[in-house]
Structures are given as structure tokens and as C-alpha cells.
Amino acid sequence: MASEESSLRALESLMTEFFHSCTTNDRKREIEELLNSFAGQPGSWRHCLFFLSNSRNEYVMMYSLTVFENLVNKMWVGVASEDKAELRSCLPKLLLSQHALLPFFIRNKLCKVIVDIGRQDWPMFYHDFFSNTLQLVQSPSLAPLGLVLLKMTSEELVCPREDLSVARKEELKKLLLDQIPTVLNLLTGILETVWDKHSVTVTTPPPSPTSRESGVLGGNSTQMILEAESAALCLLALECLAHLFSWIPLSTSITPSLLASIFHFARFGCQQPIKTKPLPTSNGDSAPGNLPANGGSGHGRTGQMVGQSDRARLGVMAMNCINELMCKNCVPVDFEEFLLRMFQQTFYLLQRLTNTHSHSNTHTIKSRLQELDESYVEKFTDFLRLFVSVHLRRIESNAQFPLVEFLALLFKYTFNQPSHEGYLACLDIWSIFLDYLTTKIRSRLADRDSVINRYKDALVLLLREVLNRIQFRLNQSQPEELDDETLDDDQQTEWQRYLRQSLEVVARVMELLPSQTFSVLFPVLQEDLDVYLGLQQYIVRSGSSRRLNITAEADCRRLHCALRDLSSLLQAVGRLAEFFTGDVFTARFNDALAIVQRLVEVSCYGSQISLYDVEMAVPTVLKPDLIDVHAQSLAALQAYSHWLAQFCGEVQRQQDQTQFVDLIRSSMDATTPLINAKVPEKLLLSACHLLVSMSTTVRPVFLVSLPAVQNIFNLITENHNHRLPQEAHVLVCRALSNMLLLPWPSLPEAEQQWPSRSSNHARLLSSLTQQYRLLPRPPNHHPNSKAVIQQTLCVLKDLVDSISGEATKSRQICYHSLQESVQVTLALFPHFIQQPDVTDEMLSFFLTLFQALRVQMGVAFTEQIIQTFLSMFTRDQLAVSILQEGSSGSRVVQKFLKILQVVVQEPGQTFKPLLPSILSLCLDQVYPIVAERSCPDVKAEMFELLFQILHQNWRFFFKSSVLSSVQRTGAEELMENQAQFTAAMQAFGQSFLQPDIHIFKQNLSYLEVLNTKHKLYHRKLFRNSMLFHFINVLLQVLLHKSHDLLQDDITLALYNMAAVDFQAFYSSFLPEFLNGCQGLDPHQRTTLARNFTPERDLPSFSQGVYRIVNDLRFYRLCNGSLPPGTLKL
């Protein structure tokens, strides 16, 4: 290139070509290589300085600044001192002369390069870096530019990347903290000056929140008018403050006047819209914080006023500042007065937001909030959440803060939210408050009543309003807006989430005010129940069909609303079931009995008139409503199964059981007619779940003898042609099995009738498995064999799973009934080894068997099963299955490994003979297949199996005697199976070299458990031949930043490993590790070793690890940036 001018033209041409839509990818790569080659030449920055000063091409300017950025951040150590001085001089001059003409993103990038130089050289070599920035902030015409630099300085110097040593990072933070009082004074001055200049119309100061004056909005009578230039300046100042507040500690530097200024601007968010021109933009700058002329003086624009959106942005940014302060939980004692001042200011803002006497009387609170900027309302809600969750306990007892009035304003703010999301966010705040109140009452039971009485009226009001909000008949339009079809990540619709959060608030109020909640809820429920129970009179028969004779549109709409509300209120009643059991059972018995009787009545009514079968007008709307009400009545009754179980226990001790028996009989009469394949699935499943709860939770002695229940036995055991859907079939089988298996509560063993129940259970299972047991072997020619296997095993697995935690007798009977089916499954297994979907189902069944019934199965049979599996899962079979990642083949291997985990965890010597073959399968067959592949699911199970073998069978490897462990003598450890132990440790070590973060975390925790329980790191074999290898690998992982999310876990493991012998770690391992590190000179190695002080407590050790890793990376970066042949001293 002949001259800089021609170089500039060539560069402009190249950059334009690079970004042209017609340029091919190959040509782009060529240009990129050319540009990178030019940037890598020594002294290329001089050309870039010329390009930056003489070109208006944005691509060229951006490229030049990227070269500077790379030079400062990666090569600064190798730049000659006179060149550094030239750059420190030229770039700020360039910024000052050109900033008004540069596009905002170019100007910001140039500011960033200057700040990066300051990060490297201030104050030693660039002593006026910070003072220059402060001078700009104080200059009327250049203040916006100074604020941009100030904010960047806060961002880049407080949280610098790894291109600095730890000592430098600490130095920078200390230097900046020393400047904070000055900086905050300057920013306060800017905000106060602008406010004083423009606020002549605002005459009334914020009132004390303790005052009961009605004229709280004196300052809102006239709109605050603000010029665009001043608004842009204040926005930048507030952005600066928000970032500063994110890291500086609470201290006296944050003065009352600064706080007052921030709250002045927070008021902008509360202002109603006025007609003005928007804040000016230039050079395409549409981001928050637009600057007139990009930080220039903005001459000629004086008098141009900001619009509503820009005033709102000021309000949002001011709330940002306030929320940054609110986030800080660590509040010095002398700062609590300051907090009170903040809350008083916020109280004033909340009054403004929720006051109806605005300049226009037509404004409701809701329409006021709707007109405000959405982000401002969000930030204000965030503030309220922080206030209640973090600071309420500090402020509640302060007589100067009127908490009850605050709750009244919060109430108005909550129930006038313009959006559903905003409303739910406010409900969260109420939930936090109710949790706080509940915790407070539990810790101060003595004055419980006085605490509750203080808030009682507010809580009842809250309860009524929340219940109103979920009722369609009171505000149909709002709930109808919520989607009730699309499921979110939590498998619930928008309406279900809305209802659930509302009911959680109701439940929390119930915990505090049970009788009041009951008296508010029950009448509302009764009203909708009357509508539902009155539908029978509108059913007209014509021949064999029935019709609901409600056709008028208004009547249909009213019925729709009443049914939706009844469904919601039934869910509310179910949610409150927990508050009638336990210690309060007797005290609240009558209320609970009234509820349960009503629920039984409604359920029976629904089943008797089966409204889901009736013809009606608008069936697409009303039929789902009727089905839902019926299903919810059963679900609500199910929620009271624990209350019924307690009632059952009480009546066992009484002569008269009539009331209880009637409830159960009626419940079954309501439930059993619905267990039919023709019933809508939602209703069918609700009935099945209620049946399961009755048999599992309530367990009445007479349940199995009720005619309605006998009908279900007959349906399941005899009627194979009208089979229920699979999910319902499984639930009904579980209920019937549990009726026969589970012990009856409060009855002695002699009265449990085990012999007859056992023979009945055997008959039940014989009937359920008849087709399965008669399958031919091999079952190749049986067309239905696969379906029979999968359906039967699904039922059997569920039956076993449901009694896994029960008494021995229940499990014995269950296994006795299952025995033949288990033998059949084992015999069928080899025939299906090539069909992973069937073997998956079989292994799921065996896994459940091993988890629940391994004692009942006995050692010999268990061994036979395991040996069968081990012989079937050859190396080739495993490879085929594992390599089908995510498939049923892969799941089969996972299940098999899970079964082995259960086996190796069995205490005693029972399955010890199997350990060698299980270890061999793990280390010689599975591990070689998964070692270098991803296979995360199989790997996770294999490593858990290895861990369980080591953890539960430690003495298989280490035969230390009791005497030697008590005496703690240095006697030789007796070790067996050393080769397998070493191979297992190598597998763990290898996993730390791979990218899978979940496996890494899991395996690291396994090693830590083995160390805690068995002193793994202290064992001679591990200590002598493995310890330093593991430490080395973990340190390398930290250096490569590949698993940064696990930094704390890795550091803790390093500490525990080093703690085996700190002396050896510091004197032997550390020098050896540093000598093996490439890219360091001897002096740097010495410095790193010296800075890692030989401390033995965890916090100091962690700090040492952080320092050595950070500084080692920094030294490598520095050394890599030095020109070739540089002499290092």
C-alpha cells in the first residue's frame, strides 16, 4: 500500500464489498483473512488511527476500533511505552473533537477502548484518566459524554474480564470506591439542577405518609415540563447511578438529597400523558438514553419538550435505581432511618398511582395505570415485592410507617392492575406478606390475636376480592380472556395458573383466619350449588333421549358462568381440606362434615342424572362445563380423604358408625357408575382417583363388601370385552388390589382377615393375568402377544409400586399372588431380547419388583434373574442397545443398570457373590462402549452403579479391621480387588476430562461422598498414586473454564483432596503443577506459588485457588501478546 490515503480507500472498498449482499462466503473468508492479517502486523494501529480520523465509513471505523480493542485487551503488555502514551493522548482527543459527529455505537465503542486503557494503566501511567472523566461530567456541554464514560468505567473496572490479575482487580475496585463520594455528589448535582430549573410548577412537597390529609396530590395539579436535552442528561445520570448502586455498599455517601432527587424523577412514571413532541434522536440512535447530537451541546434545540414515553423512561430508570438499593439485604444499622425515608417516598408514589382525584375525574385507578408505561408499572411492582420480601420485617414495627394504610394502597394497586400478568405479580406479593405473617405468628404465639386483629379486616377484604376475581358471573370478560387450552411448561393452562395462584392466597388466608374464610366461601359455593342442583327440573324426556330445556342465550350464558364458578369454588374447597385435619380435627369437625356431606350429595346427584349424557343448546360450551363440575366435585371429595381417614380412626373407637358408613357408601354409589368405558375420560379418571384414595388412604373395613365395589370387581375380572382405557384400568386395579392388601387402620393383626383377603387377592391377580400366563412360548405366532405383555406388566408394576412402602404382610401376599406371572416374565424375556420396547416394559417390572419385593423373592430366585440378565446382555447386545441413543434400547440398558444398583445396595452378604460379575459388566463391557461417546443417560446410571458398589460394599476392596480403625495405627491397609478399584477410579477421573457437565457434577459429588463416608482420599492407594492426578485434572478444568458453573463444587473437592496432606500440597504438588504449566516464565511461577498462601481453612484456600487460576490465565495472555524475541527479566 503506497500511502495511508490509498490504504483507506482500499479498506473502504473491501469493507463495502464484505457487507454487500452479492458477496460470496468464500470471498468473505478471503477478505476476513486479509483484514486479520493486517490487524496482526506490528504498528497496524497507527494506520487505524488515521482511518478513524479521516473516514466516515461506519464499517471502517468499527474495524479500526476492533483493532484498538484487541491491542489494548490482548497485546498491551507488548506495546512500547511511547506508543501507549501516544494512544492515551490521541484517542481522548479524537473523541472530544469527533463525538458530536460519530454515530452513537461508534462513539460508545471509542469510549470503551479509552476505558479499557484506563483499566490497564490508571492511575500509574494514566493518572488523569478518571479526573478527565469527572471534568467532562462537570462541563455543561460535554456532560452527556462524561456520563457515558463514567458508566462504562463502572461497568468495566468493577467486573473486569480475566485480562487482569486478582491484585489489579482488587486495586481497581478500591480506587473506584475512593472516588464514589465525589461521583455521587456530581450526579446529585446534575439531577438537582435539572429538577430545580424545571420544577417551578411543582410546589407541594411529598406529605408524610402518616398524615391523613386528602390532598396528597398537590404536586400533580400541574404537569412537570422538561426539555429534551435535560431529559437525556438525567436519563444518563440515572443509568450511571443504577450501575453504581449494583455494586457499591450502602453507606452515608448515598445522601438524602440524592435519594430525594431520584424519587423526583420516579414521579415521571406516574404522570398522565400530555401532548408533546418526542425526545430527539440522531444518527439512528433509538436506544434508551438518546443524546441530542450524540452527547453534543444540542444547540438550537432549547425549548423542545419531551413526550410521555421519554418521561416514562426517566421514571423507569429512577425506579431501577431504587430497586438496586432495595435488593441489598445487608443493611447497616445507621442506614435504617434512610430506608424509612425511602419507603415514605414510595408511599407517596403509591398514593399517586392509586388516587382517583386526578386532573380528570373520569379516570379510574385502572385506566390511570393502563395509560402509564408498562415497564414503569412492572418496576414499581418489583419495588413492592422487594419491600415486602426483604425489608418489611425492618420497617413493620416503626411507628412512623403506617403499614395498614400501605396495605390498603397495595390492595387498590393490586385489584386495578391493567394486565393479568401484573395482577398475578401483585398476588405473589400478597403471598409473601401472608407467609411473613404466618411465620411471625408461629414465633409469637403469645400475642397471636393482637397480630391477627391488626390485619384481620385487610385479609378478609383481600379474600373477598380474590374470590370475586375468579368468578365469571361477577366479571366474565376478564377470566374469559385467559387461555384454557394451551399448556405451558408446567403442564397448566393460563386459566389454571391464574386460578391456582388465586387459591393459594385463599389457602394462606384460611391458615390465619379459618372461621372467617369458611364463612366467606361457603355461602358463595352454596349459591352456585343451588343453580347446579336445580338443573334436574329442566330435563325433559322424549322417548329414550333427555334434553336440558334451557335455550335462551342469556340463560345459557348465566348457566355457563355459574358452572365455571362452581368448578373453581369446588377446587377452592378441595384446596382447604388440609385445614380440617390433624390437631384441629375435633374443633372444626362440624364445618368439615358439612362440606363433605355437601360434596357427597353433589357427586351423587351428578352421577344419578348423568348430565354429560343430556342433549342441550350450545353443547360445545355447556357440556364441558357440566363434565368439569362433576369431575371437580369428585376431586374435591378426594381431597378430603385424609379427613375421612381421621374420621374412620375416630369412629373405630365409638359404637355409632352410621354417619361415617353412610358417607362412604354414598361416595361409592356416586363413584362406581362412572367407571365405565362410555363415560367421558375426564370424569372417568376423577372417579378412578377417588376410588384409589378411598382404598389407599381411608381404608374402611367394610369397603370391599359394598355392593357398588363388588360391581367393580366383577367388571374388572369378568368383562374383558369392554375394557377401560389403560390409565383408568391401571387405577381401578390398584384400588381393588389395595383394598385386599393394605392393613385396616386401628385394628389388631388378628382381626385383619388375612387368609380370606389373601385368597381373594390371588383370584383377582389370576383373573387379571390370565391371558398373559397362557401366552405360548415362543410367542411368535400369537398376534396379540406384545399388547398383552405391555398391558399386563403395566398393571402389575403399578400394583407392586403402590405397596412398596407397606408392611411385610402386604408384600408377602402381593408376591404370593404374583409369583407365577414373575416366572412367566423371566421365561419370556430371552424371546424378546431383540425387541427393546417389550424388554423395556419387562425390565421396568423387574426393577419395581427388586425395589419393593426383593426380600420376598428370596436369594436364589433373585440370583437366577440376575444371572439370566447378565447372560443375555452380551457385549454385542449392549453395544447395539446403547448406541441407539434416546431409544427404547438405551432405556433397557438404563433399567438393567438400575436393577443392579438395587441389588448391590442390599445389606449383608446376600448378593456379594454377584459383585465380581456386576463389576466386570460395568468396567469391561458397558464402560468401553460409553467412555468416548456422549450417551449421558447410560453413563449416569453406570457411574451411579459404580458408586453404589464402592459405597455399599467398601469392605469388598478394603478389609481394614475394627481394631486398626479404632487405634488409628499406621498399619498396612488390607486391600483386595485392587485392579477393579483402580479401574473404577480411572473411569471417574476420565469423566472429568469430558464436556458433559451433569456427569461431571454427579461424579464429583460421588467422590466427595466416598471421602466423607469412607475417607477415600486418605486411603494409601488413592493418596500415593491417584490424589495428585485428580487435583491436577480439577485445576486444569478451572483453567480451561469449561465447567465454570461448578466452580464452587470443584474448589471444595480440591480443598478436601489437599487437606489429606496440606504440607505435601504446598511444598510438592504446587511447584510441580506450575512447572508443568506451559506459557509461564520462572519469575511468574514463583509469584503464583508465593501468592497461594499456605492457609488451611476453606475460605482462604478457595481464594487462593481463584487467584492462581485467574493470574495464571492472565500471565499466559500477557506472554502470548509479547512480540517474538522479547527479553523477559
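**Ground rules.** I am working on a predicted model, in which local features need pLDDT of at least 70 and side-chain atom pairs count only at pLDDT 80 or more, while totals for chains, interfaces and linings use all residues. Residues are numbered from 1 along each chain as its sequence is written, and side-chain values use heavy atoms, with hydrogens and water left out.

**Entry: Ser 641, continued.** I placed Ser 641 in helix 25 (residues 641–652). Helices (H or I, at least four residues) and strands (E, at least two) are DSSP runs, numbered from the N terminus. Ser 641 has a relative accessible area of 5% and is therefore buried. For the burial classes I used a 1.4 Å probe and protein chains only: buried is under 20% relative accessible area, exposed is over 50%, and partly exposed is in between.

**Entry: whole protein.** I looked up the totals next. The protein has 48 helices and two strands. The C-alpha trace spans about 100 × 85 × 70 Å along its principal axes. Of the 1129 residues, 54% are buried. Among contacts between residues at least 6 apart in sequence, 76% join residues at least 24 apart.

**Entry: the strands.** I then went to strand 1 (residues 539–542) and strand 2, which pair in the antiparallel sense over four bridges. Two strands count as paired if DSSP finds at least two bridges between them. Ile 539 has Leu 548 of strand 2 as its bridge partner. Two residues lie between the strands of this hairpin, and Gly 543 takes a positive phi near 70° there.

**Entry: helix 8 and helix 10.** I looked up the packing of helix 8 (residues 143–158) on helix 10 (residues 228–245): the angle is about 15° and the axes are 9 Å apart. Axes are lines fitted to C-alpha atoms, for helices over the stretch in contact, and angles run from 0 to 180 degrees between N-to-C directions. The two helices are therefore roughly parallel to each other. The classes are under 35 degrees for roughly parallel, over 145 for roughly antiparallel, 65 to 115 for roughly perpendicular and oblique for the rest. By class, the contact of helix 8 with helix 10 has ten nonpolar, two polar and three charged residues. Here Ala, Val, Leu, Ile, Met, Phe, Trp, Tyr, Cys and Pro count as nonpolar, Asp, Glu, Lys and Arg as charged, and the others, Gly among them, as polar.

**Entry: helix 9 and helix 48.** The axes of helix 9 (residues 166–198) and helix 48 (residues 1098–1121) come within 9 Å and cross at roughly 105°. Helix 9 is therefore roughly perpendicular to helix 48. I listed Val 166, Ala 167, Lys 169 and Glu 170 in helix 9, which meet Gln 1103, Tyr 1106, Arg 1107, Asn 1110 and Asp 1111 in helix 48. This contact has three nonpolar, two polar and four charged residues.

**Entry: Phe 472.** Phe 472 sits in the loop between helix 18 (448–469) and helix 19 (477–481). Is Phe 472 buried or exposed? At 1% relative accessibility, Phe 472 counts as buried. Its contacts, apart from neighbours within four places in sequence, are Pro 479, Glu 480, Trp 495, Cys 561, Arg 564 and Asp 565. I also noted that Phe 472 and Leu 566 are 94 residues apart in sequence and 9.8 Å apart in space, C-alpha to C-alpha.

**Entry: backbone in loops.** The peptide bond from Trp 122 to Pro 123 is cis, with omega near 0°. Pro 123 lies in the loop between helix 6 (104–121) and helix 7 (129–138).

Val 618, a residue other than glycine, has a positive phi near 35°. I placed Val 618 in the loop between helix 23 (589–609) and helix 24 (619–639). Val 618 counts as partly exposed, at 43% relative accessibility.

Technical notes:
Contact means heavy atoms within 4.5 Å.
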